[in-house]
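This report is written for a reader meeting the structure for the first time.

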Amino acid sequence: MKSWHKASILFLLALVLSAQTVSTGDKMHVRLRAIGEKLKCQCGCSYTVGSCNMLNCHFKSEVDAQISADLGAGADEASILGKLKEKYGTLVLAAPPAEGFNLVGWLMPFIGLVVGLIAVRYILIRWRRPRPALGGAPAASGALVEKFRDQMEKELADLE
Amino acid sequence: MENLGSLALLFAFCFAIYTVLAALVGKWKDRAYLAVSAERAVIALWALVTTAAGTLVYLLFQNDFRLSFVAAHSNRDLPAVYKFAAWWGGQEGSLLFWLWILSTYAVVAVYTNRRKHRDMMPYVITILVTVQCFFLILVNFVANPFQVLAAGGEITAVPDGRGLNPLLQYPAMVIHPPFLYLGYVGFCVPFAFAAASLITKQKGEAWIATTRIWTMVTWLFQTCGIMLGARWAYAVLGWGGYWAWDPVENASLLPWITATAYLHSVMMQEKKGMMKVWNIVLISATFFLCIFGTFLTRSGVVSSVHAFAQSPIGKYFVVFLALGIAATVYLILNRLDFLKSENQLESLVSRESSFLFNNLLLLASCFAVLWGTLFPVLSEAVTGEKISVGAPFFNKVNVPIGLFLLFLTGVGPLFAWRRTSVESLKRNFLWPSVVSLALGAALLATVTRNFYALMAFMLSCFVGLTILAEFYKGARAIQAKGGGSLVVCAAELTHRNTRRYGGYIIHMGIVFMFIGFTGAVFTSEAQQEMNLGDTLKVAAYSFRLTDLKQTDNRNYASSVATIEVSNNGELLQTMHPERRFYHASEQPTSEVAIRPRLKEDVYVVFAGMSNEGQKPVIQVFVNPLVNWVWLGTLVVIGGTLIALVPSKVKLAYARTQVLGTTKKHEVLAQS
Amino acid sequence: MAFALAAILIVAVVVFTLAIRQKDLPEAVPPSPTAHLEERKKAIYDSLRDLQFEYRMGKLSDTDYAETKLDLQRQLAVVLAEMEKLQGKAENAVPTPAAPATAPGPAKPRPVAVCPRCSTEFFQPMKFCGECGQAMPSAS
């Protein structure tokens, strides 16, 4: 579970379309922003608290103030997120915590992928099995190929 | 005047019912008269819907604020182009717009096939007009755009409208919805042909050849629509990004993904007669996802900035989707025997299996997006607790899938059809792999340790090189035979097989886009209240506020900041971010100032005035590589256009004599 | 004004949809019995051409090329044989292959008119049945 969390932090920093991690500015700002990216702004915009750009957004200001205070007090990310979740409900987390029923939410895409892989494997095995041609058409014998060889070579040459 | 529109819509509804009946009875009873009449009714339908649409646009231009739609989505001082765009700015109008595009497509489909596919056309018409019928029910009885405002039994008017949402008053936004709709609606036609070919049990793959251009053009429209939306979000919304994984954005992505999967897997059917059932499933899924996307935007099932107001319209969509999907599933199951494919795989290492994996990954990402979009609804139903599924979820799930897809983009085209030996693989993969590994090592040492960013850059390099190698080797082969410069030979190569090489160019565009997506990892950002003369530093840049101006016009009031951007003391550019306040809608917006460069964008937002002291708040983003996303989009568009050009093929081989003359022309025209 | 426009529009579309003259009906084009085979043949030739080109590009090993080419030729031979068979039939059935109206089997053109009494099929519109004299249903 621990490594899973670590991976999720890595993921977040990854080539994301919307997440902006800050490479300059003070450390506090960077951490504030990183935590903000994990919270959904409740002001009616569709962004995270980190990227909500409404000026004086009541929700963002409130949450940012709390995070800054907690960070100043030396709290770690998990406990800050936990506190905010308690205060505003699970809705405030930009992605649901991987526990209880929400675990289904996290696992389903990967279950889907695995089921798909099994299906592809099955299909490949079936396709590899030699079968007689469909519709009762006779499998082309060498003789048949020979019969049309001249025509085929000529027509192909014409195509070039 | 609104009565003309209402009447036209009502008659269009009656006509739609007649069209379906005429087409079906004409087919079943073998009446040529009815068949022709149904085709003409499709044109008549278009005339009626166009009249209604024209009336609405006319009323918008007339500032007829007796109409609730006009009052809600336009105002007197709105610039003309946005008055026109107000047509699709609201629920009722946009449904009419959808309907109008569909009826136009139907006319084009009927006209271009007036001599072809006589046995299929009645069913094609039936399906297209049934969908029109559904939208006609909506605009006639549920969301009528010609509703007038009434008070105490009298028609009333408001003095001025509430205006078009100012966020939508941006050039890209005028064309973003039409493109998206052209894409959404366009998939009705291939779906109609696919279903008609199933119903009539066509021999061969005629429907694929007929709908090839439709699917490609529609896919192009959809790509443009999605990317225009992203561009709009980037340039207008002012939060520094372009994709927020909002439910409506996701809804437009879903059919695009299945359509992409279809465009690939259909090659299997054309080349080898394989995957017939799967292709029908994909084209049907695309069609229903288009309807589903329209539904999601309008029903208020999921909350989103894009969504139109909550309305009873959702129920109708659910019923339509349920009936449509049930009918399609029944049809496919019923025709399974007929769809028996000659599935035979010569080798596991072949283009065929790479297509299977490509489809698997595309479908997996489609499923992940769909699942994440709907999971809040499901979770709330099960646990009773509201949750959000936002960007972190979608990124976590889709980034690895996307990287695998990128990898397949590189290797897929290098696998030959039927079989590829280890020896061939070595020939094709050795150099691209070596170079990208070297690049990866260099980047790891100098730029970043981010695993996904490294993977993305390495894979982009790998795929780019394989594509270039394809062009180079092909051009060399042509040069060896006929001579000429490499560039001319590469052009000749592309002309000989436009679909393949156009496809490679599209892949190149996708590579560029991935490079751009990866840039988001390295974004820097800062925000500050500034006095005149203050300086803000972000990355290597410093920003000095030198001036602040207020202006006012009839549509909006605005404050414009003047900011000097410099890098190491050297003045680069003066930028003018703007803050607007729209009078009619009483909404503020930001006009972002962007300094676009291939390496990185400097993105300056006038976020507003601070509460205390009324000082301007300036927000600055430095977004590396983001321009590669737009560049990639242009390359994708160029590639698709090339793929649409017919290939230069000499059809010199003897044709069979039984062919009628018309048939012969058709074959020639298609090739 | 609006109602006048509406009336004109509606009359126009109704007339346009219903008033179809005999010459507006498309002539029935017999579906070619070999169309799907032609399609197949073209697809295989395209594959062969691609294969040859990729071989010249140096993307394929010699054995890959030889095996795949043989595979394709086998398939092509089946298609060509099938076409020959169908053509042979067509030539046996009609000495003048130029007349598409009498192609065999599935190629049989759709009759324009069928007598409701004696079920004789006609390939041009008729007022009365040429066999039994029954009045034919009009307009179809």
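Residues are numbered from 1 along each chain as its sequence is written, and chains are lettered from A and ligands numbered from 1 in the order in which they are written.

## Chains A and C

Helices (H or I, at least four residues) and strands (E, at least two) are DSSP runs, numbered from the N terminus. Chain C has 3 helices and 2 strands, which from the N terminus on run α-α-α-β-β.

A residue is called buried if 20 or more other C-beta atoms lie within 10 Å of its own, exposed if 12 or fewer do, and partly exposed in between, with C-beta atoms placed from the backbone. Of the 160 residues of chain A, 31% count as buried, and in chain C buried residues make up 31% of the 140 residues.

Two residues are in contact if their C-beta atoms, placed from the backbone, lie within 7 Å. Among the contacts in chain A between residues at least 6 apart in sequence, 36% join residues at least 24 apart; in chain C, residues 24 or more positions apart account for 37% of the contacts with a separation of 6 or more.

The contact between these two chains takes 11 residues from chain A and 12 residues from chain C. On the side of chain A that touches chain C, the residues divide into 8 nonpolar, 1 polar and 2 charged, where Ala, Val, Leu, Ile, Met, Phe, Trp, Tyr, Cys and Pro count as nonpolar, Asp, Glu, Lys and Arg as charged, and the others, Gly among them, as polar.

How confident is the prediction for chain A, in terms of mean pLDDT? The pLDDT is the predictor's confidence in each residue, from 0 to 100, and its mean for chain A is 74, with 73% of the residues reaching 70 or more. Among the elements of chain A, helix α1 (residues 2-13) has the lowest mean pLDDT (45) and helix α5 (residues 102-128) the highest (90). Over residues 6-25 of chain A the pLDDT stays under 50, and the model has 65 contacts beyond four places in sequence for this stretch. The pLDDT is also below 50 over residues 133-138 of chain A, a stretch with 6 contacts in the model beyond near neighbours in sequence.

Axes here are lines fitted to C-alpha atoms, for helices over the stretch in contact, and angles run from 0 to 180 degrees between N-to-C directions. Angles under 35 degrees count as roughly parallel, over 145 as roughly antiparallel, 65 to 115 as roughly perpendicular and the rest as oblique.

| Helix pair | Axes come within | Crossing angle |
|---|---|---|
| α9(B) (residues 206-237) and α10(B) (residues 247-272) | 10 Å | roughly 150 degrees |
| α16(B) (residues 451-482) and α17(B) (residues 486-496) | 8 Å | roughly 100 degrees |

At the crossing angle of roughly 150 degrees, α9(B) and α10(B) are therefore roughly antiparallel to each other. The residues making this contact include W219(B) and I226(B) of α9(B), and W256(B) and L263(B) of α10(B); together the residues of the contact divide into 9 nonpolar, 7 polar and 2 charged.

The crossing at roughly 100 degrees makes α16(B) roughly perpendicular to α17(B). The contact is made by F471(B), G474(B), A475(B), I478(B) and Q479(B) of α16(B) and by L486(B), C489(B), A490(B), E492(B) and L493(B) of α17(B), and these residues divide into 7 nonpolar, 2 polar and 1 charged.

W207(B) has its place in helix α9 of chain B and counts as buried, because it has 24 C-beta neighbours inside 10 Å. Leaving aside neighbours within four places in sequence, W207(B) is in contact with F193(B), A194(B), S197(B) and Q202(B).

Most residues other than glycine have a negative phi. N63(B), in the loop between α2 (32-61) and α3 (68-73) of chain B, has a positive phi near 55 degrees, and with 18 C-beta neighbours inside 10 Å N63(B) counts as partly exposed. L625(B), in the loop between β12 (616-624) and α19 (627-644) of chain B, has a positive phi of about 65 degrees although it is not a glycine, and with 23 C-beta neighbours inside 10 Å L625(B) counts as buried.

Note on methods: Predicted model: local features only at pLDDT ≥ 70, side-chain atom pairs only at ≥ 80, totals over all residues.
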